[in-house]
Amino acid sequence: MSFALPPEQTGAAAWYGPTLAGGDEWQMRLAATDITEIESATKALTAREADIAVIAARDFPLPTLAPKLKARVRDEVLNGRGFLLIRGLPVERWSVREAATAYFGIGAHLGSARSQNGKGHVLGHVQDLGLDVQDPNVRIYQTNARQTFHTDSCDVVGLLCLKTARSGGLSALVSSTTIFNEMRRRRPDLLKLLFEPIATDRRGEVPEGQKPYFEIPVFNWHQGFLTAIYQRQYINSAQRFPDAPRLTPAHIEALDLFDALADDPTLNLFMEFKPGDVQLVHNHTLLHDRTDFVDWPEPERRRHLLRLWLAASHARPLPELFAQRYGSVTIGDRGGIIVRGTRLQAPLTAD
């Protein structure tokens, strides 16, 4: 029996960038009362140098902000357009510890923080560490190169901007739902290939008992939900493993069309981060990217973002094969990278 494609997708997740550019419906400006709640909770924890990695929602009371924020994340991020930009955190007057504590505390109300690498970092630092982007064991966020459109291994990825680059480093988003619709209209034959398992490189961070790559289709249709998982560079580099399934010319054509659509300015949306901005992105319906950048020569001025990977309690069901990458598909307790010896921690510097 031949595979039948899911129907064309409708709803808020199937957006086109130009229709959202310049709008404010996807922005949430924090009020003075919100900041007061955040700083009160932060001060209590930083005063005793609390372990950031174990902060739970009960440790970080946000009596009026938390209900508002959770409702917007549920309605707009998980079940709507797929992203939200929160503005106004006063990071310019905070130390790195205060910013990390505040950010992690806010995130604790939205989901369970997941390990972002084999070291167990539940709080990530997105900075250029001067590493070689061509090294197959280097993660691209550790360089100043363009990332290209991709997903992360969690339900929701959050980025807090502490400092911006001298130039570049714009954030870009595109709807994987819209890419699906466009491929369905233009080349359904190629789209069908993206529902077949494809090898994606783990870049040296291999869980016990697993292959150095996982095999999950780019698109998955499960219980009425269309979900995407994608990182083209890591798909390409998985071909270094002799036992990985080979990419055929047709697969490459399908992936090239996917990339071309993601890069199409009639589909994607760019935004400029300002210090104090928090971007929340739904990995299952959006891909995110970052343009390359030129940083400041002074270390204290260089581009610096804090990142969270969150397992959301109101997330969608995922097919069992996602357990290859997510460890589990249990809602609220899935995602991240765990290898032998991983210990969860929230470092205050990148390494």
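Student: Is Glu49 buried or exposed?

Tutor: Buried means under 20% relative accessible area, exposed means over 50%, and partly exposed is in between, with a 1.4 Å probe and protein chains only. With a relative accessible area of 60%, Glu49 is exposed. Arg203 also has a positive phi, near 55°, and is a residue other than glycine. Arg203 is found in the loop between strand 8 (199-201) and strand 9 (213-215), and with a relative accessible area of 7% it is buried.

Student: Before we go on, what should I know about the numbering and the model?

Tutor: Residues are numbered from 1 along each chain as its sequence is written. Because this is a predicted model, local features need pLDDT of at least 70 and side-chain atom pairs count only at pLDDT 80 or more, while totals for chains, interfaces and linings use all residues; side-chain values use heavy atoms, with hydrogens and water left out.

Student: Which side chain of opposite charge is nearest to Glu37?

Tutor: For charges, Lys and Arg count as positive and Asp and Glu as negative, with His and the chain ends not counted, and a salt bridge is a side-chain nitrogen of Lys or Arg within 4 Å of a carboxyl oxygen of Asp or Glu. Glu37, found in helix 2 (residues 32-46), is buried yet has no salt bridge, and the nearest side chain of opposite charge is Lys68, 7.2 Å away. Contact means heavy atoms within 4.5 Å, and, not counting residues up to four places away in sequence, Glu37 touches Pro61, Leu62, Pro63, Thr64 and Leu65.

Student: Why is strand 7 described as largely enclosed by the rest of the structure?

Tutor: Strand 7 (residues 171-175) is largely enclosed because five of its five residues are buried. From this strand, Ser171, Leu173 and Ser175 point one way, whereas Ala172 and Val174 point the other way.

Student: Which strands pair with strand 7?

Tutor: Two strands pair if DSSP finds at least two bridges between them. Strand 7 is joined by three bridges to strand 12 (residues 269-271), and the two run antiparallel, with Leu173 opposite Leu269. Strand 7 also pairs with strand 14 (residues 286-290) in the antiparallel sense over five bridges, and here Ser171 stands opposite Arg290.

Student: How many of the residues of helix 5 are buried?

Tutor: Helix 5 (residues 176-186) is mostly covered, with eight of its 11 residues buried, among them Ile179, Phe180 and Met183. The buried residues of helix 5 pack against several elements, including strand 7, helix 6 (188-193) and helix 8 (249-262). At the start of helix 5, a side-chain oxygen of Ser175 reaches to within 3.2 Å of the backbone nitrogen of Thr177.

Student: How many helices and strands does the chain have?

Tutor: The secondary structure of the chain comes to nine helices and 16 strands. Buried residues make up 57% of the 351 residues in the chain, and the C-alpha atoms fill a box of roughly 60 × 40 × 40 Å, taken along the principal axes.

Definitions and conventions: Helix = DSSP H or I, 4+ residues; strand = E, 2+ residues; numbered from the N terminus. Polar contact = N/O pair within 3.5 Å; in protein donor to acceptor, adjacent residues only side chain to side chain.
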